[in-house]
Amino acid sequence: MSRRMLVSGLVLAVVAVLGFSAVPARAGEGDPWAAVVGPGFVRYIPGVDRWELGFKVVGDGWEQSIGGALTGLRVLVNGSPVQTVSWVDAPWGKVDGRLSQASVREVRQAALDELHGRAPSPVDLPHLERAALILEEVLAEVPPIVLTLQGMAGLAEGEYTLDVSLDFQVGARSLTLSEPLDVVVAAIPTAPGWFAGDYHMHSTYSDGTKSLITLTYDLGNAGYYIGYVTDHAASLISSGAFTSMTAAYPEACRTCSSTSTSMFPGVEIEIGHTVLGIWNGDGHCLGYGVASTSGLNDKYWGPQAGLDQINANNGTQSNSGIAHPAHPIYNWEDWTVLRYYGIELMSGPQTYFDVYAGHPSRWRSECARLQASSSSYKPSVRTGSDCHSTWQSYVTHVKLASDSIWFASDWAGRRALVDAALKAGKTTISRKGSLPYITADGYEVGSTYTKASGAAVSFTIYLKPAVTGTYNLYLYRDNLASTVWSKTSQALTAGTAYTWTTSYTYPGSNHYYWLYVSGADYGYTTPIYLRQ
Ligand SMILES: [Zn+2]
């Protein structure tokens, strides 16, 4: 097994082009500069020959409409060149004064540090995250430069460092931008009853660039069992593709599916309100287990009404979630809603994953706000690539009754099992694929049960890491109110199951308990709720 080489003194992916006479800076905007932003981390199962990697370039201060032509590139895997690389070029994102080169440099360095287990300090995180949201907004404005690497099937299971250098020609000037990338070649960690999925993606049924067949192929190559496609309701409604479970969209999902990777039809709807006849968007919600797009109009419902429409769409199976609560543009605005089942803590091109970062912070406060309703509705942890053309490595693991029930069920049955797990909050998530979970007195994540004050609670803490490295684990009570148990600086090996137990005296009243993992990977579990 080849080990990932530690990237010491990371090459900063930001290049200033000083004294550049051929393409002078515009007055008052300083020297032209450009930076490349890569995915940081990707995962393939062993034997995948073709790797597709997306990179975006942003820059500012260039005179003409910005955009260098990509003229060449080099990719090294653990120092050895990859022979067959092809690419599709794309325009550069124009920062247009929204961020300085120094801030982009700072945000990217902190992101790469976090990727390697060194989180920003809580003091630095707020300003880093503000700048990261602006950078994410710029990145969202351009498609990725897509690199296709071939001949990768021979790589053994393990962790690799890729060094990617992109050569550009801008006018008379050439410049090279570099970016490191970690790749793990391995299956997603699993345990009995746990199934890995991506719960937010877009296909050609709305504004995604990939067909359902391609999405299924990509998910299979990354080791996911479950792909919940969440195309935009407006597109599905206007095309009539999801008028019933026998319409084109669910049928296409069913046709693509196998027990290795199953695609399920979901929906994303924009909720909001109107002021003087003008629509104001208040965020996006996701619908799982729905039987059609009937009543799921886009840009029509208010926040709770939209969630309720999803919840009521298909008997006891349909269930709603909140997408990207702290998105730079499509953030969720109404934090008085009561009836929903999940919330994304990792979504789209997110920069930070720390417990103090935007999405996890919102989730923590939602857990506190909604704790009384935990036996029916709860903000269970979710992730989603929000894939329109490129993937993220995030994994939502759902717990089913057993492995065999998945393999014994037909497509509709497998979807029903997943929907039931989502509604029950039997979820745990990670950035790179690690599987963290806890039980309390044998109760699983998402459970609510009664306990006498002063009685002993027996917690089991479990982690199967996706990557080898140093991990920190914290079993928290409520919204960081206290640390019930922790293990820091644990050197753990990818693919190995680790278990710890602790006995805890229940203090009475109502509380909830959840596991947070940081370091080589980030992970969160849905809480277990205790009532006196
Ligand atoms: Zn989406």
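Predicted model: local features only at pLDDT ≥ 70, side-chain atom pairs only at ≥ 80, totals over all residues.
The domain assignment of the protein chain gives two entries, domain 1 spanning residues 14-185 and domain 2 spanning residues 194-432. Taken over C-alpha atoms, the centres of domain 1 and domain 2 are separated by 29 Å, and their contact draws on 24 residues from domain 1 and 17 residues from domain 2. On the side of domain 1 that touches domain 2, at least two residues each are supplied by strand 3, helix 1 (101-115) and helix 2 (125-140), with helix 2 providing the largest share, 8 residues. In terms of residue class, this side of domain 1 comprises 18 nonpolar, 1 polar and 5 charged residues.

Helix 1 and helix 2 also pack against each other. Two packed helices are described by the angle between their axes and the distance between the axes. The axes of helix 1 and helix 2 come within 9 Å and cross at roughly 105°, which means that helix 1 is roughly perpendicular to helix 2. Helix 1 contributes S103, V104, E106, V107 and A110 to this contact, whereas helix 2 contributes L128, A131, A132 and L135; the residues of the contact divide into 7 nonpolar, 1 polar and 1 charged.

Helix 3 (residues 212-222) has L212, L215, T216, D218, L219 and A222 as buried residues. These residues cover an arc of only 165° around the axis and therefore lie on the same side of helix 3. An α-helix has 3.6 residues a turn, so residues three or four places apart point the same way. The packing partners of the buried residues of helix 3 are strand 3 (41-44), strand 12 (194-198), strand 13 (226-232), helix 5 (248-256) and strand 14 (262-275). Just after helix 3, the backbone at G223 adopts a positive phi of about 90°.

Most residues other than glycine have a negative phi, and most peptide bonds are trans.

Methods
Residues numbered from 1 in each chain as written. Buried ≥ 20, exposed ≤ 12 C-beta atoms within 10 Å, placed from the backbone. Helix = DSSP H or I, 4+ residues; strand = E, 2+ residues; numbered from the N terminus. Arc of directions from axis to C-beta. Contact = placed C-beta atoms within 7 Å. Domains from an automatic or database assignment. Nonpolar A, V, L, I, M, F, W, Y, C, P; charged D, E, K, R; others polar. Axes fitted to C-alpha atoms, helices over the stretch in contact; angles between N-to-C directions. Parallel < 35°, antiparallel > 145°, perpendicular 65-115°, else oblique.
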